[in-house]
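The sequence and structure come first.

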Amino acid sequence: MTTDQDLSMDGALAAAVFAAKGIDVTPKKDQGIIKVFKRHGHDGECPMIGDRVTIHYTGSLLTGKKFDCSRDRKESFSFNVGKGQVLKAWDIGVLSMQRGEVCTLLCKPEYAYGSAGNPDKIPPNSSVLFEIELLKFELGETLTDDGGIIRRIKVKGDSYLNPNDGSVVDVHLEGSCDSRLFDIRDVSFVVSESEDKGVPLGVDRAMDKIQKGECCILYLSSKYGFGRKGKPEFEIGPDKDVVYEVTLKDFKRAKEPWEMDLHEKLKLASEIKHKGNQYYKAGHYYHAVIQYQRIVSWLEMEFGKALEQQKMINDFLLSSHLNLALCFLRIQDFSLVVENCNKVINLDASNEKALYRRGEARLRRNEFSLAMADFQLVLQVNPANRAAHHQISTCQSKMKEYHELDKKTYANMFQKFAERDTKDGRTKRKRDESVRSSKNNELGIKRRRSQDRLSCQ
Amino acid sequence: MVVKGLPERPVANVMMNEGKVNDLIQRWRDTPEEELTPEDREHFMDLACSCLAQGESERLLMFLQDDKNRRMVHSMGCVLLAPLMKEALKNEKSWDRIQSAITHVTTTCGPDEVLRNLLDVMEDTDAPSISETLVQVVPHLEAGLLRLTKGRASWLGSALRVLHKQLTRLPVPYTEEMEKEDQWGLGRCCHALTTFTQAFSGEVRNHEDGERREMKTELLNFCMRSLREPLLEAPLTPGTTTAMWLFASNITATLVAIQESAADLLFFSTMKKNIQMDKNQLAESKGCLAYLVFVKQLDAERFPIVFSPEFVLRRNLEYIHQLLRSKKESHVLKGLALFEKSLERAQDNSLLVTLLEVKSFYDVKQSLLQVLTECPMRHLRESGLTVLQLLINKLDAEAKHKLFGNLLKTSKHPGVEGYIVKNIRNQVEFSMKPGNATRWFLGTEFVSLLRLAFSLPQGTETNVLHDMDKIMESLNLLRYLLIRDKPLRSNADVWEGVCGIKEEYTKMLRVCISMSRFFYTGELNELRDEHKLKARAARASTCTRTHLQSQPVKRDTMSKMSPEVRHQVLQSALVTFDLMESLIARTEEIAAEKNHDRLDASALFCLNEQKKRQMF
């Protein structure tokens, strides 16, 4: 009982001290997070929402008991600020800090561990103290695995709903390249079909992570910008990185797959397939991929009731996977080609195109014997396939070439091992100690070269 | 030329002709290393083998340690490692001597060659002797690696790869007793690997040059591989006597030592780490790590507790999915436990509908459904259901509404659908308490959900028996809604919707039941007829034997069930139909009563009005 009283006393005391010296940083001004400066920042620069910040922190209860400390672990702590990855108090508190700043935050339970607390460490409904030092921050968060789209949020959106594929979005765009503004406009486009309006892939792919009312800066690598071709209308050369400032003014969400019945899905699927084919023909392979993938994601789990429907579903799936394989061949992502072909072959073991495309991908991946097997399967299905004949001979010559290369490498390797042993042996034997080193090495290399030539012939 | 004169397998010959052997040895002593041929090495090995075969390990050891032979041992000694290792395993008597011989060879020869030979020995080992060989080889590998002056990282990498590969060939114990017994020696191997990795993880910590960075990567790769195999399959009971737990602790300790924090590995995976595993395998490894951290609280004090519960859940979803989609019991078990722990941290009714739009949530939902409907193990299905309920509890009203709708539409399993309908009933009950009303379970949005709850998958042709679980729950819900009609009536549109759905559903269900009843009665009659026929045939067969012989064949083609069981099944089906019909009748009754009451009430109201009017 007494400890409880002590605790509340301490709490009240701390709160009083903080209220006197600190500032309330909550947007609601409900005294939920009170900040007291311990050291001001260097340059006045604050992180933006989504930036990856690195901090040191010490968390303690109002009793002074430390419950978590990065310094004790001897490693700093990093996270993307303002994204709900950490306690609310941190998202709000750290955004208010400058680089190099040290401060203490007094946080009420609703901004920290809530009514549940944390088993063993934090009692329910506790206010807690964090001392935080903002060491550094990197600009933006990456939205894709390959790091091709980086976003910094200038203004946070007001709703939690994001556009999905097929949504119609109203946006304001400001595109720049090497700090030259090339495109300012208000535009409305369908997510996944941005190409129709000359909006680059990166903006399209970022849409499902942008909230209504949000204003953000997207840093796009050329893959997500205008690619290898560039964009002459905007005077953008090939392989250029671009920056877009995007404000999402409004959008209308498309139906989720589970909100549609099979009929609707099938009807839409044929439209989407058509769209995908258009993109493919125009050379917009990434856009085409998105279309075909939509069909797959819709129909993969569907089972038609009638035989006819089932056949339609199967046909869509087959053609989508085949087309995906083709797109990935063009994009040169061969493992995905194989994956898609495998799906087709699972459905239809003697699909000529799938076998051929898988063979092509495997050939490009230097898996010659696998590729050869595929082309031979193609010939089993259709003996008249001339291209497959041709590919088989390519495989054979490549295999031979590769074999030679192999031989050469291994020859080198054994030679190398032998040489090293010889050298070690000599050291031990202390023979020729004075002349060893450089001369011997040179000799060794020369001999190896002559050996190379031998193995090549 | 002497060499060529020797026969292919000189084991016996060599011993017989001591003079020749001495000549050979003398020649080896005099020959410079680079002139020794592969044949020489082979003879050297054969000589040693025959020595061992004759139990003369003492003599071999003396020979090897003889200073005159030092150079010869240095250049050819490594070829002896394989036979010596083999001998050590089968010959306990001379174990000490053979160990000294091995140590002598490994310290005399060049470390590269020692390592190569040791790894060859390890790789050529067959399953039964893996653990013994591994335990024996590891200290020598360690010593060899420590002798290296350069190229240590790549040798360490190959060593860890080979050792791990062999380790994974051992069966993983799945009970604590088996772990203690350690029949296949997996525990001993893990222990040996622990000491092995510790020797290098310490070194990595203190330096930061290129080579150490590479070593760090190799160790990280080894840790991730080990988390997947064998740890993911092991029971992982905390304790000092359970080898797998100790190994797990060692793996996390190694991660700490090489400064790879579990939090970074699990939550910020987009950063490049040079882990050579495919995406799914890596997700399995991380799933195991997440399981250790969150479920088993291994090294919990090193894990920051400042992440928001929803973020932890979101990040773990990918790993949970990977574990749940596996066909292995231990994986699914760990996946469910991780899911449960990740949910427990969130507050009830706190998770927003946005969670449902995350791709990994969709995946987890699908794989959980798969566990619920297809997993052959009852206990997994049961804990799956517990987790589903926990998930439902943590969602806010809108998210619950959406999840229910989603599951009713996509699960295609009457058991799951019935469970959801039951949950809808609970939510309606909750919403009717003061202060809890939401549009999702009382208001306008509710009708769309009801429409899904009261749908028959194949319309009037629905197999009532197959969909019994859902139908019974739906009728239950209907009864509940009609009894507690007041809050629903307050919104005219909603009530109209509910009534419309009720009318349509009961009408269609009645048709379904009567069709099913017709079908099953027919079957039952057929069975009876068949029974009669058979009895008659049996009577007839007392006269002719041929009838009796043809009988079993005929029965086999008709049904696999015995007629008695079929009879029972058909009977209970008919009882079920009765039950459903009586439930429908009951709901109609309630509806009529309520309407009657309301009519009464309005009639009473009119009467009162009239009275009032008369009074004035």
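In this predicted model, helix α22(B) supplies His401(B), Phe404(B), Gly405(B), Leu408(B) and Lys409(B) to a contact with α24(B). On the α24(B) side the contact residues are Glu445(B), Phe446(B), Ser448(B), Leu449(B), Leu452(B) and Ala453(B). Sorted by class, the contact of α22(B) with α24(B) has six nonpolar, three polar and two charged residues. Helix α22 of chain B spans residues 397-410, and helix α24 of chain B spans residues 444-453. Their axes are 9 Å apart and the packing angle is about 25 degrees. Angles under 35 degrees count as roughly parallel, and α22(B) and α24(B) are therefore roughly parallel to each other. The crossing in which α22(B) passes α24(B) is left-handed.

Helix α22(B) also packs with helix α21 of chain B, residues 378-394. The axes of α21(B) and α22(B) come within 9 Å and cross at roughly 140 degrees, and the two helices are therefore oblique to each other. From α21(B), the contact draws on Leu388(B), Leu391(B), Ile392(B) and Asn393(B). From α22(B), Lys400(B), Leu403(B), Phe404(B) and Leu407(B) take part. By class, the contact of α21(B) with α22(B) has six nonpolar, one polar and one charged residues. Phe404(B) is listed in the contact with α21(B) and also in the contact with α24(B).

Another helix pair in chain B is α14 (residues 210-228) with α17 (residues 279-295). They pack at an angle of about 80 degrees, their axes being 8 Å apart. That makes α14(B) roughly perpendicular to α17(B). Helix α14(B) contributes Met224(B), Leu227(B) and Arg228(B) to the contact. The residues of α17(B) that meet them include Leu282(B), Cys288(B), Leu289(B) and Leu292(B), along with Gln281(B), Glu284(B), Ser285(B) and Lys286(B). The contact of α14(B) with α17(B) has six nonpolar, two polar and three charged residues.

| Helix pair | Angle | Axis distance |
|---|---|---|
| α22(B) and α24(B) | about 25 degrees | 9 Å |
| α21(B) and α22(B) | roughly 140 degrees | within 9 Å |
| α14(B) and α17(B) | about 80 degrees | 8 Å |

The loop between α14 and α15 (243-257) of chain B contains Pro230(B). A cis peptide bond joins Glu229(B) to Pro230(B), with omega about 5 degrees. Asp178(A) sits in the loop between β10 (168-177) and β11 (180-190) of chain A.

How many residues of chain A are in contact with chain B? There are 44 residues of chain A in contact with 37 residues of chain B. The area buried between the chains is about 3500 Å², and carbon and sulfur atoms give 52% of that area. Between chain A and chain B the count is one salt bridge. Glu75(A) forms a salt bridge with Arg302(B), with the closest N and O atoms 3.8 Å apart.

Over all chains, the count comes to 54 salt bridges. One of them joins the side chains of Glu101(A) and Lys35(A), at 2.8 Å from N to O. Glu101(A) lies in the loop between α3 (88-95) and β6 (102-107) of chain A and Lys35(A) in strand β2 (residues 33-39) of chain A, so the pair ties together parts 66 residues apart in sequence.

Conventions: Residues numbered from 1 in each chain as written. Chains lettered and ligands numbered in written order. Predicted model: local features only at pLDDT ≥ 70, side-chain atom pairs only at ≥ 80, totals over all residues. Heavy atoms only, no water. Axes fitted to C-alpha atoms, helices over the stretch in contact; angles between N-to-C directions. Helix = DSSP H or I, 4+ residues; strand = E, 2+ residues; numbered from the N terminus. Parallel < 35°, antiparallel > 145°, perpendicular 65-115°, else oblique. Left-handed = near helix turned anticlockwise from the far one by under 90°. Contact = heavy atoms within 4.5 Å. Nonpolar A, V, L, I, M, F, W, Y, C, P; charged D, E, K, R; others polar. Buried area = accessible area lost by both parts, 1.4 Å probe. Salt bridge = Lys/Arg side-chain N within 4 Å of Asp/Glu carboxyl O.
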